[in-house]
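Subject: Structure handover

Hi,

Here is the structure I promised to pass on. My notes follow below it.

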Amino acid sequence: VNLERPLKLNGEIGGHLVQGHIDDTGRVAEATQEGGAVRMVFQVKPDLMRYIVPKGFVAVDGASLTVTEKEGNTFGVSLVGYTLEHTVLAERKSGDTVNIEVDIIGKYVESLGKSQSTNITSEFLREHGFMVN
């Protein structure tokens, strides 16, 4: 797995919010060379796909990645040279099992939507720290 230093709460957020918790596993469905990058497609269970958003993030084996595509139960990423050199993802091939962590913000929004009130308003989001004036 990949380990990164934690974010300091008094610092600027310059990347993705990754907690290091594994939500489930997935499988490498495809890995193809595209110029200087590798396009990697992962297959995950349907219940995780609701948290996968194109241009959003997902962590695969601890590496935070930007989602480039989504279709059915699969999503794709583009692994650039730096990522291939500094993570274990370059070693992964079709059929390999990987650890998946989905977007925590999506999980919070879903949880809030299931709370006592089903009417999420701008006032509610401000009150709970999701929006500022």
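Is glutamate 101 buried or exposed? Glutamate 101 is buried, with a relative accessible area of 6% (buried is under 20%, exposed over 50%, partly exposed in between; 1.4 Å probe, protein chains only). Glutamate 101 lies in strand 6 (strands are DSSP runs of E, at least two residues, and helices runs of H or I, at least four, numbered from the N terminus). Beyond its neighbours within four places in sequence, its contacts include His21, Asp23 and Val58 (contact means heavy atoms within 4.5 Å).

This is a predicted model: local features need pLDDT of at least 70, side-chain atom pairs count only at pLDDT 80 or more, and totals for chains, interfaces and linings use all residues. Residues are numbered from 1 along each chain as its sequence is written, and side-chain values use heavy atoms, with hydrogens and water left out.

Now the salt bridges. The count is five (a side-chain nitrogen of Lys or Arg within 4 Å of a carboxyl oxygen of Asp or Glu).

- Lysine 45 pairs with aspartate 24 at 3.4 Å, N to O. Lysine 45 sits in the loop between strand 2 and helix 1 and aspartate 24 in strand 1, so the bridge ties together parts 21 residues apart in sequence.
- Glutamate 69 meets arginine 39 at 2.8 Å, N to O. This pair links strand 4 to strand 2, 30 residues apart.
- Aspartate 61 bridges to arginine 92, with the closest N and O atoms 2.8 Å apart. Aspartate 61 is buried, at 4% relative accessible area.

Glu30, Arg39 and Glu69 are linked in a salt-bridge network.

Best wishes
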